[in-house]
Amino acid sequence: MSDIQSQTDLVFVRDEMLSQASPPHRERGLVGWLRKNLFSSWSNTLLTLIALYVIWIVVPPLVDFALVQAVWSGDSRDVCTTINQGGIQPNGWFGACWPYVKDYFAQFIYGRYPLEERWRVNIVFALFVIGVVPLLIPTAPFKSMNLIYMAVVFPVAALLLLTGGHMEFAGMIGIGRELAPLGSGLDFWIEYALLTLIVLGIAYAWARGTGAPAGGLLKLVLTIMLALAAVIFVLSLDLGLEFVPTSIWGGLLVTLVIAITGIAASLPLGIVLALGRRSDMPIVRFVCVVFIEFWRGVPLITVLFMSSVMLPLFLPEGVSFDKLLRALIGVALFSAAYMAEVIRGGLQAIPKGQYEGADAVGLAYWQKMRLIILPQALTLVIPGIVNTFIGLFKDTTLVLIIGLFDFLGQIQSSFTDPSWSTPVQATTAYFFAACVYWIFCFSMSRYSIFTENRLRTGHAR
């Protein structure tokens, strides 16, 4: 018994540390990475093998078509056709015809924009890059000046350069023509003044309903309407530039104009609609709900068709809108309805305590939304916002049904040219279009991920 007691009193104390051992061979290096990421279980192994098989049947033929078998130089369809087809390539050849893309590249970018005036489009592209690059870099200085440039200066300069200015504005509903002296040309401005009064009335009703200071909101609305009037006046001036109608715009120019305008207009309008849908005012909430559900209930093709074909039938005689302008308005309103629902999801995700805390410190409605609620809500729904932007960018191809030739439409119109008509022409063109769309959409997606990581809104496992 005493021996057992003496053994239990023994205490083992290590007097030297073991040297650090390296992990097992199968847990480190390439083998360890493969086991951890690709073959960690039988289900992951099966999915990895299926993915590798899909890559094997898709990527090599694509590389062979676009690079290995492709033709890179030439000045006619002969270089992109086989001997049996009247060309110089061996029978059975199948590769991309890049000389055709090179020959049509300018038309894919500018459409039928006059050749001697394309420098104006290049300046617009340069002005856009100068403004958007610092805006996307978080550490870039002068953010306020940058925002003013992109929101005010760039749109006006781009519109002046692309159209040439000296636009003519006329009354839209006929009231101006009845009230203006004959031949004075004031019919548009009379109707614009009436529109300003209506907007001011709506802003006053909104302020009274939400409890916000009416004076500040009315000053803001009046400033916006006066600024818009100044822009319209500038656009009516003759600056010596040749007028280029929007009917001959095309290519990537039209795609970017529609996409950027839709994105820029849908975000603020979507925020207003989302706030209106959650408003305590029944009439405001009803109007916003009807607006959102109406636009969400019809496809974009229908919206474009209505704006192009049906809307002119309801306008007074002699009144017409530019077809591109009608498409821009339709796309912006359509996208704003979807954007409103995305932002509403973010508003509903904010804990109720945030609203109560803002009320407790005595913030007014707009102060609460601007300083506390909206920054959190917009941060939460960044993926949804970018997803809407990407969808809008791709949906711009639908304007082809109303006779506007965007980037894809311009590519399809080139198929009628017999000088480059070959069996690989369409395949090459669509592959080129896919690459261009992928560059834009993938860039937006990667910037969204960068923003999420910077704001740490992700929920990493």
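Confidence along this chain is lowest in helix 1 (residues 2-8), with a mean of 55, and highest in helix 3 (residues 42-68), where the mean is 94; the score is pLDDT, the predictor's confidence in each residue, on a scale from 0 to 100. The chain as a whole averages a pLDDT of 85, and 91% of the residues score at least 70. Where pLDDT is low, the predicted coordinates should not be read in detail.

This is a predicted model, in which local features need pLDDT of at least 70 and side-chain atom pairs count only at pLDDT 80 or more, while totals for chains, interfaces and linings use all residues. Residues are numbered from 1 along each chain as its sequence is written, and side-chain values use heavy atoms, with hydrogens and water left out. When I speak of helices, I mean DSSP runs of H or I with at least four residues, numbered from the N terminus.

Let me turn to helix 9. Which residues of helix 9 are buried? They are Ala214, Leu217, Val221, Met225, Ala229, Ile232 and Leu235, where buried means under 20% relative accessible area, exposed means over 50%, and partly exposed is in between, with a 1.4 Å probe and protein chains only. Seen down the axis of helix 9, these buried residues fall within an arc of 120 degrees, so they line one face of the helix; the arc is that of the directions from the helix axis to the C-beta atoms. On the other side of helix 9, Lys219, Thr223 and Leu226 are exposed.

Helix 11 can be described in the same terms. With 15 residues, helix 11 reaches 21 Å from its first C-alpha to its last, close to the 21 Å expected at 1.5 Å a residue. Val284, Cys288, Ile292 and Trp295 are the buried residues here, and they cover an arc of only 75 degrees around the axis, which puts them on the same side of helix 11. The face turned away from that buried side carries the exposed residues Pro282, Ile283, Phe286 and Phe294. Phe286 and Gly276 are 10 residues apart in sequence, and their C-alpha atoms are 8.6 Å apart in space.

Now to the interior. In soluble globular proteins, nonpolar side chains tend to be buried together. Here the largest nonpolar core has 99 residues, and those with the most contacts inside it are Trp249, Leu347 and Phe407; such a core is a set of buried Ala, Val, Leu, Ile, Met, Phe, Trp, Tyr and Cys residues joined through side-chain atoms within 4.5 Å. Leaving aside neighbours within four places in sequence, Leu347 is in contact with Ala274, Leu275, Arg278, Tyr355, Ile373, Leu374 and Ala377, contact meaning heavy atoms within 4.5 Å.

Not counting residues up to four places away in sequence, Lys368 touches Tyr355, Ala358, Asp359, Leu363 and Ile373. Trp366 is also found in helix 15, but counts as partly exposed, at 30% relative accessibility.

The aromatic residues come next. The structure holds 24 aromatic pairs, that is, rings of Phe, Tyr and Trp (its six-membered ring) whose centres lie within 6.5 Å, with planes under 30 degrees apart counted as stacked, over 60 as edge-to-face and the rest as tilted. The rings of Trp72 and Trp98 have their centres 6.1 Å apart and their planes at 25 degrees, so this pair is stacked. The pair links distant parts of the chain, 26 residues apart, with Trp72 in the loop between helix 3 and helix 4 (98-110) and Trp98 in helix 4. Trp72 is exposed, at a relative accessible area of 52%, whereas Trp98 counts as buried, at 15%. One aromatic cluster includes Tyr100, Phe105, Phe407 and Trp420.

I will finish with Phe142. Most residues other than glycine have a negative phi. Phe142 has a positive phi of about 60 degrees, although it is not a glycine. Phe142 lies in the loop between helix 5 (118-136) and helix 6 (143-163), and at 66% relative accessibility Phe142 counts as exposed.

Terms used
Helix = DSSP H or I, 4+ residues; strand = E, 2+ residues; numbered from the N terminus. Expected span 1.5 Å × (residues − 1).
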